[in-house]
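Please work through each task before reading its solution.

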Amino acid sequence: MTPSPDISRLLEIMAALRTPGTGCPWDLEQNFATIAPYTIEEAYEVADAIARGDLDDLRDELGDLLLQVVYHARMAEEQSAFAFGDVVEAITRKMIRRHPHVFADANGSLTSSGVKGAWERIKADEKAERGALRPPEPAKKLVSLLSGVKTGLPALARAMELQRKAGTVGFDWNDPRAVLKKIREEADEIEAELDSADRSELARETGDLLFAVVNLARHVGADPEIALRGANAKFERRFAYIEGALAAKGRSLADASLAEMDALWNEAKERE
């Protein structure tokens, strides 16, 4: 098996990895649910490469993301559900349909906002068509305002969208300070649970705290994902300063006390 720029070679490799008896034991054990977290992770890796402006890394990360699509398609093909070619045909059909100003006899001078409006209308039509093909739901079943928020979104993004949707009908705070009060309440609830050492309850309360922090980000106009990335980068910089300062003295992290590392952390913070 040799590398190739042809997509068929990647499909062949995946088929070989998933062939019982001769394939990779790990790959053969996987299913849609176990691979899904890797799919999300690879999408984040693509975003990270873009944020860093590293085009060489972007090339590799896009390949990793493409592998995820091939992986899922192969597992679906094994179940006679669909194959990679069906995935390609579905997206090409969708793109042609959603760009009538490019691929059909229509007004080709649409503005960017006009294109977006047309895209949303066509998406709505597609959703209605899919709904018409589904079995009818019980007449009294409530359709929630939040039902349109996709469950596959990353947790931070989904929390933002759930809160935004609820806010459209007035279920929201008017002041970021009220959200801060809620954050303090959630922190107090965690503190009250610490003595019980009930890990499941502590996890639930921590989730409530995170949800409230996302709400604060929304109210102050911050994207929680970007804000957290910034905090991660800041932590890395300051921790690297601790490592560098210790190394300059011929010492390692294992040699330093927490108090010493805290002091160096504060030095790094002051330098910023």
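**Exercise 1: Overall form**

Determine how many helices and strands the protein chain has, and whether it is spread out or compact.

Step 1. The protein chain has 12 helices and zero strands, where helices (H or I, at least four residues) and strands (E, at least two) are DSSP runs numbered from the N terminus.

Step 2. The radius of gyration, taken over C-alpha atoms, is 25 Å, well over the 19 Å that the globule rule (2.2 Å times the number of residues to the power 0.38) gives for 272 residues, so the chain is more spread out than a compact globule.

Step 3. Of the 272 residues, 20% count as buried, meaning under 20% relative accessible area with a 1.4 Å probe, protein chains only.

The model is predicted: local features need pLDDT of at least 70, side-chain atom pairs count only at pLDDT 80 or more, and totals for chains, interfaces and linings use all residues. Residues are numbered from 1 along each chain as its sequence is written, and side-chain values use heavy atoms, leaving out hydrogens and water.

**Exercise 2: A helix pair**

Describe how H1 and H4 pack, and which residues meet.

Step 1. Helix H1 (residues 7-17) and helix H4 (residues 55-78) pack at an angle of about 55°, their axes being 10 Å apart.

Step 2. The two helices H1 and H4 are therefore oblique to each other.

Step 3. From H1, Ile 7, Leu 10, Leu 11, Met 14 and Ala 15 meet Leu 66, Leu 67, Val 70, Tyr 71 and Arg 74 of H4.

Technical notes
Axes are lines fitted to C-alpha atoms, for helices over the stretch in contact, and angles run from 0 to 180 degrees between N-to-C directions. Angles under 35 degrees count as roughly parallel, over 145 as roughly antiparallel, 65 to 115 as roughly perpendicular and the rest as oblique. Contact means heavy atoms within 4.5 Å. Buried means under 20% relative accessible area, exposed over 50%, partly exposed in between (1.4 Å probe, protein chains only).
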